[in-house]
Amino acid sequence: MAGMNRRTVLRGGAGLGFLGVSAAVLPLFGTPDQKQDPSRLKVPDRSESDPRLIISNWPEYIDEDDDGYVSTLTQFEKDTGITVRYTADVNDNDEFFSKVRNQLGSGTSTKRDLFALTDWMAARMIQVGWIQKLDASKVPNLHANIIDSLAKPAWDPGRDYSAPWQSGLTGIAYNKAKVDEVRSFSDLVTRPDLKGRVSLLTEMRDTMGFMLLIDGADPEKFTDDEWKQAVERLTKAKKAGQFRSFTGNDYVQDLASGNVLACEAWSGDIANAGDENLVWVPPEEGIMIWADNMMVPNLATHQANAEQWINYYYEPEVAAKLADYNSYICPVKGAQEAMEKVNPDNVENELIFPTEKTLSLTHRFMALDEAKARTYEKDYTDVQRA
Amino acid sequence: MATVDDVATGGPPEHRPRRNLTGYWLILPGALWLLLFFVIPFYSLLAASLFDPDGSVLTGYDVTFHVQNFGNAFWDYKEQIGRSLLYAALATATCLVLGYVLAYAIAFKAGRWKNLMLVLVIAPFFTSFLLRTLSWKLILADDGWVVDVAQAIHLTDALQLVNLADGDRLLATPFAVIAGLTYNFLPFMVLPLYASLEKVDVRLIEAAGDLYASPARGFLKVTLPLSMPGVVAGTLLTFIPATGDYVNDQLLGNTNTRMVGASIQSLFTKENDYATAGALSVILMVIIVAAVMVYVRKAGTEELV
């Protein structure tokens, strides 16, 4: 009996102790505000004394030396004497964000001078002050040559902080061997012969941009009611079993093998798939346009070199060489003329140089603050599991 | 169950004081390891589950002991939690049936092929989990012959009757997710089963025969009870990771087969809602621990595991 008592007391004591320690320790795991002031996070530029440049970019996004062919990067190194350490370690915006969040959020260095992220993530980083302002006098080509449709995004209207590396369109792709032409996004979400064989992208801004366009709303400026209506429409289609999956980068395989008949797709992916049956079409409602933007993070030690790099890639000849390699939309004016010398076959390639008419149909998603972004992301994931 | 303490304080009593101290030194690396990679992450997760839901990754989170997170998370994700438990249970049951037959064959019938068969069970681990799951997409593709055969023998119809498939296809159905889970966790079932079946003294089975037990009766009364530790260990090793799995349902399932692991992943990485993600993780952990405790008690094999 005494033993039992002692045991009970010990157990109770241990339990209370555990609770007490927990209550005391738990608040230490809160996370601090990660806003920074970029003007206070500048370091003396070492570009001159230490001619290096450290870049992070997406995979397969730059041309490479190949017997006889001198890549744009090698040429840059030759022209400037700067040694470039180029790493393809950006696979996913969210993943890269987690990689650099702790450093940028606490005001320490990421050991990088330049990285490229998609519009919405770029906007987010600029908003919280993690990005250094570019010196406009050092990037004259950027301001002179950037194409109009990319010149004034809502989140960086003067391109003071960012420069598009490459750009692309989001639209519809279908397998022409298996299904009739799909022309509009509303076809994609309602046509009965596609039921259960459609995939959409998990990128909220792409998919919801189209859903807003169906109702005639402007993705760059819409009201809460319009948003609600778009979400409801998508939920209805989802509940009716129209969609097979919501995908990331991995939808092309399903489309090629016929598991999916039609899907929401990025233009470059379909161009690079090399499958004749896969057709990319701009939806009748409009096209969503996006870009991956080069930015200089706080505490970068080679900002001047980074600016030299940006300026170099906004020379039309260089831009044409790059675009010839990766078939994404070239953000540089004059590159189309320069393409004449690089590869005449690609001068008329609409995926690299969309016509003025196509570009006039493009839309971007409006810039969102942190709270709004989370509400919308939540609404969108709620649809996916409805 | 032998614990670290038993090992540390065990031993002859005459050298007790000294031995005790050595024991504590010996558990130090393990204890530090646990502190660093279990206790601290556990507290960090627990703290996340009590975050103020109005915070965000960028504006910071405060631990406000907002316990409503648990209720909200459970209510919002009850379907995914139920689905995870159901799929994991079905996959575990399938694994048990398939794994038992295989382990039995290896232990008693394989003869000189025993080692080779064991290697074959482990061989899939030499390739990435992700690649193996992706190749199931090719096998079960809508235009593949597996689907043709399944349609010809009315397997797809049967699956539709029990709500494990929709339409005349296999990929992107609950069936595919459960099949993927079964495939991926089968070795975790086979190995403990084999380990305990291999230890069964065949003379006991012979004795059962000598005492006029039919082979079936002999199996039920002798082999099966003796292999229970393997059954319990195998089901736990399969069920626990299968419940939290977040790969199979994303690659092989459709939007209506979302399991809770994938929801947590999306909450952490896409929606950036750490409070709900943390609460959901804690809920899942509590459910699994409770289920395992009940199961181990019922199976009555506490000393055997």
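**View 1. Chain B, burial and fold.** In this predicted model, buried residues (20 or more other C-beta atoms within 10 Å of their own, C-beta atoms placed from the backbone) make up 34% of the 305 residues in chain B. Chain B has 15 helices and zero strands. Helices are DSSP runs of H or I, at least four residues; strands are runs of E, at least two; numbering starts at the N terminus. Along the principal axes, the C-alpha atoms of chain B fill a box of roughly 75 × 75 × 35 Å.

**View 2. The two domains of chain A.** Domain 1 covers 38-167 + 290-352, and domain 2 covers 169-289 + 369-384. These bounds come from an automatic or database domain assignment. The C-alpha centres of the two domains lie 28 Å apart. Nine residues of domain 1 are in contact with ten residues of domain 2. Contact means C-beta atoms, placed from the backbone, within 7 Å.

**View 3. Chain A against chain B.** Here 29 residues of chain A are in contact with 27 residues of chain B. Strand 7 (243-247) and helix 16 (370-384) of chain A each supply at least two residues of the chain A side. Helix 16 gives the largest share, seven residues.

**Notes.** Residues are numbered from 1 along each chain as its sequence is written, and chains are lettered from A and ligands numbered from 1 in the order in which they are written. Local features need pLDDT of at least 70 and side-chain atom pairs count only at pLDDT 80 or more, while totals for chains, interfaces and linings use all residues.

Methods. Contact = placed C-beta atoms within 7 Å. Buried ≥ 20, exposed ≤ 12 C-beta atoms within 10 Å, placed from the backbone.
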